Amino acid sequence: GSQALPDRAILGASSGAMIALPRRFVTVAGCRAFRTCRGSVAGSLLRGRPDLAGVQSLRAPRSAFLPARTLSTAAATKVVKTLDAEIKHEEEYEQAKEIKAFLNTSDFKFIESDCDVNMMLEREVDGQQVRIEWQLTTPFDPSEEEEGGEQAATDFCITVESKANGTGMSFYCSTQSGEDHRYVIGNVKAFANAEEKESFTAYNGPEFEDVDEKVQETLDAYISELGMNDDVCDFIDRMALDKEQREYILWLKKAKAFLSA
């Protein structure tokens, strides 16, 4: 009346090894008896198997009999403790005072959202919408900066768009270290409408350094008049790191909340 298991059944031995018994030795009833009678039943199951004659009993590790939820909870509890310690450590972080100072004096409006890596400075100049967009960056090693190393550059894009007809230009730039001219321009894209602006296949313009020097100078002066300067670059670099730190703390808290549930 017992039902045979498919092909081979896997049983855990006291040595930690896994032993496969042929189908003819294992039935559903036999497995049920094995779980309750341990060695005696195991001996009867193994009778007739010379290669397993030395095995006295098949005993699975104690943890194998614990409910899956118990194991999961125990592991999660350990993770929660480490996360909690990390949160307390990371919350000692203080935002650079220069960030608030910039926001209190700048004509730009800063826009960001929690759980979003993107950030933007926005303002309007003579009927044109000016947006400076960038993302968070991974932390750098302060010791490298003290030893004369340079802080990693932050990529950003300046988009100037006419509110009247949607035409405009996008300047793809990166910050650079130093006290003078804290940014470099890579490419300059011109677009005639929103479709071209958002297109991934549209021409992004020539390499800026390959453009005639007079064109470079005038375009550089143009975005300076729109508000692009060293103070903005300092803010971009600082906020890229600040944002990463805040998002990391949020990640820690979300992970802790999930594992604590």
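Here are some questions and answers about the predicted model above.

Visitor: Hello! What should I know about the model before we start?
Guide: Residues are numbered from 1 along each chain as its sequence is written, and side-chain values use heavy atoms, with hydrogens and water left out. This is a predicted model, where local features need pLDDT of at least 70 and side-chain atom pairs count only at pLDDT 80 or more, while totals for chains, interfaces and linings use all residues.

Visitor: How far apart are the end C-alpha atoms of helix α8?
Guide: Helices (DSSP runs of H or I, at least four residues) and strands (runs of E, at least two) are numbered from the N terminus. Helix α8 covers residues 230-260, which makes 31 residues. The expected span is 1.5 Å times one less than the number of residues. For α8 that gives 45 Å, and this agrees with the distance between its end C-alpha atoms, 45 Å.

Visitor: Which residue caps the N-terminal end of α8?
Guide: Look for a side-chain oxygen that lies 3.1 Å from the backbone nitrogen of D231. That oxygen belongs to N229.

Visitor: Which side chain of opposite charge is nearest to E90, and how far away is it?
Guide: E90 sits in helix α3, residues 68-90, and is buried (under 20% relative accessible area; exposed is over 50%, partly exposed in between, with a 1.4 Å probe and protein chains only). Lys and Arg count as positive and Asp and Glu as negative, while His and the chain ends are not counted.

Visitor: Which strand holds E161, the partner of R131 in a salt bridge?
Guide: R131 and E161 meet in a salt bridge at 3.6 Å, N to O. R131 lies in strand β5 (residues 128-135), so the pair ties together parts that are 30 residues apart in sequence. E161 is in strand β6.

Visitor: How many salt bridges does a search of the whole structure find?
Guide: One of them joins E122 and R131, with the closest N and O atoms 3.0 Å apart. There is also a network that links E112, D242, K243, R246 and E247. The search of the whole structure finds 14 salt bridges.

Visitor: Why is the pair of F102 and F235 called stacked?
Guide: Rings of Phe, Tyr and Trp (its six-membered ring) pair if their centres lie within 6.5 Å; planes under 30 degrees apart count as stacked, over 60 as edge-to-face and the rest as tilted. By this rule there are six aromatic pairs. The F102 and F235 centres are 4.4 Å apart and their planes are at 20°, so the pair is stacked.

Visitor: Which side chain joins T154 in a polar contact?
Guide: T154 is in the loop between α5 (142-146) and β6, and is buried, with a relative accessible area of 2%. The residues that T154 touches, not counting those up to four places away in sequence, include W134, C173 and A240. The polar contact, at 2.7 Å, is with D237.

Note on methods
A polar contact is a pair of N or O atoms within 3.5 Å; within protein, one must be able to donate a hydrogen and the other to accept it, and residues adjacent in sequence count only if both atoms are side-chain atoms. A salt bridge is a side-chain nitrogen of Lys or Arg within 4 Å of a carboxyl oxygen of Asp or Glu. Contact means heavy atoms within 4.5 Å.
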